[in-house]
Amino acid sequence: MHAASLGEADTQSEGVGSPVPLREYDVVVVGASCAGLFAAEQLASGGQRVLVVERKRCIGGPARTWIVTDRIREFLGDLPAEVVVHRTGTMAFVSGQESGTVVLDPPDLILERSHLLTHLKKRAERAGAVIRNGITFSGVRSEGSRLGV
């Protein structure tokens with residue numbers, strides 16, 4: 001298996017004076033998005049040593065909502081109340097003079113994105129992933145049979 005490592009020359013500050021620890025990882029996930037955090041959780045749960053690097057100093061961002069189908073629960077299971085802020089059972093369409101509605105059964109979920117990211121971060125960390133904020137990814141280099149970040 002190829003491993004990624006942060007060598008001494010690659011130690012970077014998190015913006016709060018503490019360097020990234022010098023450890024080896026099986027996987028480095030670039031970006032603590034919903035997809036990145038979910039991937040980190042799944043990989044760590046499967047026994048991989050996972051590092052997530054995120055450019056922003058904190059995970060979350062501005063409050064905004066997403067409308068998603070109830071099928072998201074197939075992947076994420078039950079979501080906390082602060083993540084699911086509403087359910088909508090009807091979708092309306094308007095185009096010019098025409099309009100229509102569709103009944104959604106089950107209802108779509110309206111999620112608060114920043115709370116979802118926080119929830120996914122906690123899940124990834126519980127699974128064993130290491131998450132470091134304030135790290136700018138600058139590239140990958142070959143180190144023989146390994147890759148360096």
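The questions and answers below go from the whole chain to single residues.

Author: Please bear in mind that this is a predicted model.

Reader: How many helices and strands does the protein have, and what pattern do they follow along the sequence?

Author: The secondary structure comes to three helices and ten strands. Read along the sequence, these elements give the pattern β-β-β-α-β-β-α-β-β-α-β-β-β.

Reader: What percentage of the residues is buried?

Author: A residue counts as buried when its relative accessible area is under 20%. The protein has 149 residues, and the buried share of them is 36%.

Reader: Which residues have the most contacts inside the largest nonpolar core?

Author: In soluble globular proteins, nonpolar side chains tend to be buried together. Here the largest nonpolar core has 24 residues. The elements that give two or more residues to this core are β3, α1, β4, α2, β7 and α3. Within the core, the residues with the most contacts are Val50, Leu79, Leu111 and Leu116.

Reader: Which residues does leucine 111 touch?

Author: Residues up to four places away in sequence are not counted here. Leucine 111 then touches Arg64, Thr65, Trp66, Val68, Ile72, Leu79, Val83, Val84, Val85 and Leu116.

Reader: How many residues does the second, separate core have?

Author: The second core includes Tyr25, Leu51, Val53 and Ile135. Its number of residues is five.

Reader: What distance do the ends of α1 span, and which elements do its buried residues pack against?

Author: Helix α1 has twelve residues, and at 1.5 Å a residue the expected span is 16 Å. The distance from its first C-alpha to its last is close to that, at 16 Å. The buried residues of α1 are Cys34, Gly36, Leu37, Ala40, Glu41 and Ala44. They pack against β3, β4, β5, α3 and β8.

Reader: Which glycine comes just after α1, and what is its phi?

Author: Most residues other than glycine have a negative phi. The residue just after α1 is glycine 47, and its phi is positive, at about 95 degrees.

Reader: How far apart are the end C-alpha atoms of α3?

Author: Helix α3 has 15 residues, so at 1.5 Å a residue it should span 21 Å. The distance between its end C-alpha atoms agrees with this, at 21 Å.

Reader: Is histidine 119 buried or exposed, and which residues does it touch?

Author: Histidine 119 has its place in helix α3. Its relative accessibility is 14%, so histidine 119 counts as buried. Not counting residues up to four places away in sequence, histidine 119 touches Asp78, Leu79, Pro80 and Val83.

Reader: Which elements do the buried residues of α3 pack against?

Author: The buried residues of α3 include Leu116, Leu117, His119 and Leu120. The elements that the buried residues of α3 pack against are α1, β5, α2, β7 and β8.

Reader: Is isoleucine 131 buried or exposed?

Author: Isoleucine 131 is found in strand β8. Leaving out residues up to four places away in sequence, it touches Leu37, Val52, Ile59, Lys121, Ala124 and Glu125. Because its relative accessibility is 8%, isoleucine 131 counts as buried.

Reader: What distance separates the C-alpha atoms of isoleucine 131 and glycine 31?

Author: Along the chain, isoleucine 131 and glycine 31 are 100 residues apart. In the model, their C-alpha atoms are separated by 9.7 Å.

Reader: Is serine 99 buried or exposed?

Author: Serine 99 lies in strand β7. Leaving aside neighbours within four places in sequence, serine 99 is in contact with Phe93 and Val94. Its relative accessibility is 60%, so serine 99 counts as exposed.

Reader: Which residues form the nonpolar patch on the surface?

Author: The patch has about 340 Å² of accessible area together. One of its members, valine 30, is partly exposed, with a relative accessible area of 47%. The residues of the patch are Val30, Phe137, Val140 and Leu147.

Definitions and conventions:
Residues numbered from 1 in each chain as written. Predicted model: local features only at pLDDT ≥ 70, side-chain atom pairs only at ≥ 80, totals over all residues. Heavy atoms only, no water. Patch = residues over 30% accessible without salt bridge, like charges linked within 9 Å, V, L, I, M, F, W, Y side chains within 5 Å. Areas by Shrake-Rupley, 256 points an atom, 1.4 Å probe, with all protein chains shown as cover. Salt bridge = Lys/Arg side-chain N within 4 Å of Asp/Glu carboxyl O. Buried < 20%, exposed > 50% of the residue type's maximum accessible area, 1.4 Å probe, protein only. Core = buried A, V, L, I, M, F, W, Y, C linked by side-chain atoms within 4.5 Å. Helix = DSSP H or I, 4+ residues; strand = E, 2+ residues; numbered from the N terminus. Contact = heavy atoms within 4.5 Å. Expected span 1.5 Å × (residues − 1).
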